[in-house]
Amino acid sequence: MTIVRTDEPGSDLALMADFAARRERAAGVLYDRFASRIYGLGVVMLGNHQAAQDLVQDTFVKLWRSADRYDPQRGRLETWVLLTARSLAIDALRRRVLESRSLQLVGVQREEDPEPLPDEQAAVVDLSARARRAMGVLSPEQRSALELAYFGGRTTAEVAALEGVPQGTVKTRIRSALLRLRAEMAKESGR
Amino acid sequence: MTCDEVRELLPEHLLGTLEGPEDLEVRRHLRGCAACRDEWMKLEEGVSALSRAVHDEEPPSELRDRVLGTLGEEWEETGRVPTTSVPSRGAGRERWRWRAFAAAAALILVVGSIAFGFAQGHRASLATTDAQSYRNLLVALGGKDFRIGELRPAEGSTMQGQVLIYDGDPSGDWSSWAIVFAKVPGYTGSATATLLSPDGESRALPPIEFQEGDGKTWLVTYVDLTRFDSLAVTSPTGQVLATAAIEHA
């Protein structure tokens, strides 16, 4: 698979303009660049591969529908894509919870997701282990704050209430966690 | 806003949980402060590092064709304007769209079915029960409103039913849903439900396929549905079978 890197804001803008203009090559470049992380996010947040595949598809459809709103001055394309995917995953989780509650109210058993195949289970376990290792460089407090904010989409006020600490502490923990991960990745790539 | 204040808010700004005026203030500050922009870029690299370290997983190779095929369908079926996604009759298309919409529709199907079934035998207390359950759902879901309408049969028709609309977030982050339940005893065939606005705009839902008198259809869309305040159900020959005025639940 060819991976085309277009990290500069200008080329991101051009890429999104091409995507908005329905150029299949641009769609392919975006897919090659981001699909694995959207898919991984789906596996981590939604817990199964089918839902993760749906998340990738839904994210790309949404990205296309909002492609003309992308503004590189407001952040990297990568961040925008990841937060779009995260928002859809949170939406899916919220619907899942509500569906489950509604069915319980009327005494109907929720249809379970299909049992994952052994290799799918192994992949989830592997990804979870990798995630634990990567987050292992953070303190438990940093990890918890970052997980709630990033995967849970919680505001710092909500994280503060959940953790029972001042909001300023949560902000510091998230900031420190992100800078620590950045430093660790830089160290890794320098090896 | 000072640099220290902005830097304290940067994580929330970055993760998209900072709201309204503060977010605008941060944006404005960043445009004119290279030092804070530098800090912001470091945090963005932190998010990038997080995503690569924690959730980078190669998807199945066939997913690429599926996603690009979906975009191709989207481009073929729509104009450039963001528009409705609806279940279609194509078998392959039907399958993936069902999966995509099933989670959203299931909740409404359950709640709507209950409400419609309830209406058959307990019409007197319907309004109170519906309104409360929809208000509860709205609180849980967010979004703007739940609206309902009762299908009233046209002359010579026996159609009964209900239309339910969930008006989501108009910014497009959450979809809006419309769902129609209809009953025509003994009827097997199709009908079309169309949302209507006071200024003459219309939006058809996918066809209702009746099986032994019961039929339903739904629409999940990022288009704002608030302007539609009535619904008409027509036969394949265009004859009006029922109409509904849609009001706040």
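At what angle do helix 2 of chain A and helix 3 of chain A pack, and how far apart are their axes?

Reply: This is a predicted model, in which local features need pLDDT of at least 70, side-chain atom pairs count only at pLDDT 80 or more, and totals for chains, interfaces and linings use all residues. Residues are numbered from 1 along each chain as its sequence is written, and chains are lettered from A and ligands numbered from 1 in the order in which they are written.

Helix 2 (residues 24-46) and helix 3 (residues 49-65) of chain A pack at about 135 degrees, with their axes 8 Å apart. Helices here are DSSP runs of H or I with at least four residues, and strands are E runs of at least two, numbered from the N terminus. Axes are lines fitted to C-alpha atoms, for helices over the stretch in contact, and angles run from 0 to 180 degrees between N-to-C directions. The two helices are therefore oblique to each other; under 35 degrees counts as roughly parallel, over 145 as roughly antiparallel, 65 to 115 as roughly perpendicular and the rest as oblique.

From helix 2 of chain A, the contact includes A:Tyr31, A:Ala35 and A:Ile38, and from helix 3 of chain A it includes A:Leu55, A:Val56 and A:Phe60. Residues are in contact if their C-beta atoms, placed from the backbone, lie within 7 Å.

As for the setting, chain A has 8 helices and 0 strands, in the order α-α-α-α-α-α-α-α along the sequence. Among its contacts between residues at least 6 apart in sequence, 58% join residues at least 24 apart.

How values were computed: Contact = placed C-beta atoms within 7 Å.
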